[in-house]
Amino acid sequence: MKQALKKIVKVPLQQAAARFGAHRRNAAGPRLWILMYHRILPPTDPRYAEEEPGMIVEPDTFRMHLQTLKRHFTVMPLGEWVERARNDQPLPPKACAITFDDGWLDNYEYAFPILQQEQVPATLFAVSHMIGTRELFWPNRIVRLLQQPRERLREFPWLAELLGEEDMDAERSSQLIYSLKSLPDHELLERIDKAEAELGLTAPEHPVLLDWHQLAEMAESGLFEIGSHTCHHFRLRETLPAEVLEREVSESKQRLEERLERPVELFCYPNGDLCPQAREAVFRHYRAAVTTCGGICAKNTDAMQMPRYGVHQGSASTPIQLLARLSGWPMT
Ligand SMILES: [Zn+2]
């Protein structure tokens with residue numbers, strides 16, 4: 001009943017949000033909408049089917065996003081907005097910044113040409129010690145494990161208890177990944193390493209992440225500014241040893257600056273997780289940092305915890321859905 005009701009009210013609510021949301025009004029001070037993207041892939045690409053749906057926007061949709069955003073906002077680099085806000089310089093009343101997390105190869109293949117054609121700047125948060133490697137993030141390693149025969153997977157008790165009896169579709173594997181997020185990273189990685197070794201799974205044939213040449217080309221184009229997303233994508237929680245946390249924050253900046261020969265002033269918390277120690281370490285090394293909680297930034301927003309709106313194909317495949325998402329209305 002609740003589901004049905006939600007469905008009935010959703011469309012008119014989205015339309016109202018798109019027409020009357022915060023992005024349509026002027027506020028007392030300048031505001032900034034930060035958008036969070038992960039992967040840009042067409043449905044015909046084999047990588048599409050292997051990814052969680054919440055991570056993808058299709059190239060045509062991405063182009064539509066940029067065109068829609070240009071109509072409603074001043075699209076500008078995140079770093080420029082932050083600098084202007086810090087120095088009390090003039091800011092547009094409604095600005096928007098595009099961000100990409102993780103450093104996926106498809107950002108170079110599909111997003112970069114569209115950003116060039118549309119002349120829209122963006123920020124890419126790279127995981128410094130994974131750039132140019134064949135490593136996978138743990139959720140993708142889980143997806144790969146789930147493609148193995150069910151009876152083999154039952155050999156691993158931590159996986160067996162989550163498998164259930166039904167077939168594993170995209171939604172169920174997303175749920176399974178979500179429930180594994182309660183484990184600390186080192187424990188998860190240990191379990192996955194062991195399972196992969198026992199099943200004889202080796203590194204993927206093709207890299208899924210950018211290499212240093214591609215990242216440098218994107219930075220040198222002038223359209224991309226590069227920020228840090230830690231060294232290894234460890235979630236910066238209290239359970240992470242203090243020295244590891246410090247290294248993840250500082251060494252990632254150092255590595256990116258050395259390889260790209262440009263300053264790295266922006267940071268992005270993996271999975272949006274942060275503890276007071278993480279905020280403090282990030283504050284010592286960066287000018288600003290972004291989270292994954294939705295929201296609109298103003299000049300007095302904590303620069304170490306700037307909210308972003310995550311968008312994906314399922315939530316923003318039309319201009320109305322996109323604008324509703326940015327309306328500031330909680331229900332859309
Ligand atoms: Zn990430």
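User: What radius of gyration would a compact globule with 332 residues have, and what does the chain have?

Analyst: This is a predicted model, in which local features need pLDDT of at least 70 and side-chain atom pairs count only at pLDDT 80 or more, while totals for chains, interfaces and linings use all residues. Residues are numbered from 1 along each chain as its sequence is written, and side-chain values use heavy atoms, with hydrogens and water left out. The radius of gyration is taken over C-alpha atoms, and the globule rule is 2.2 Å times the number of residues to the power 0.38. For 332 residues a compact globule would have a value near 20 Å, and the chain agrees with its 20 Å. Its C-alpha atoms fill a box of roughly 60 × 55 × 40 Å along the principal axes.

User: What percentage of the residues count as buried?

Analyst: Buried means under 20% relative accessible area, with a 1.4 Å probe and protein chains only. In this chain, 52% of the 332 residues count as buried.

User: How many disulfides does the structure hold?

Analyst: A disulfide is a pair of cysteine sulfur atoms within 2.5 Å, and the structure holds zero of them. For cysteine 231, which is in no disulfide, the nearest cysteine sulfur is that of cysteine 268, 14 Å away; cysteine 231 counts as buried, at 1% relative accessibility. Cysteine 297 is likewise in no disulfide, the nearest cysteine sulfur being that of cysteine 293, 10 Å away, and cysteine 297 is buried with a relative accessible area of 0%.

Technical notes. Buried < 20%, exposed > 50% of the residue type's maximum accessible area, 1.4 Å probe, protein only.
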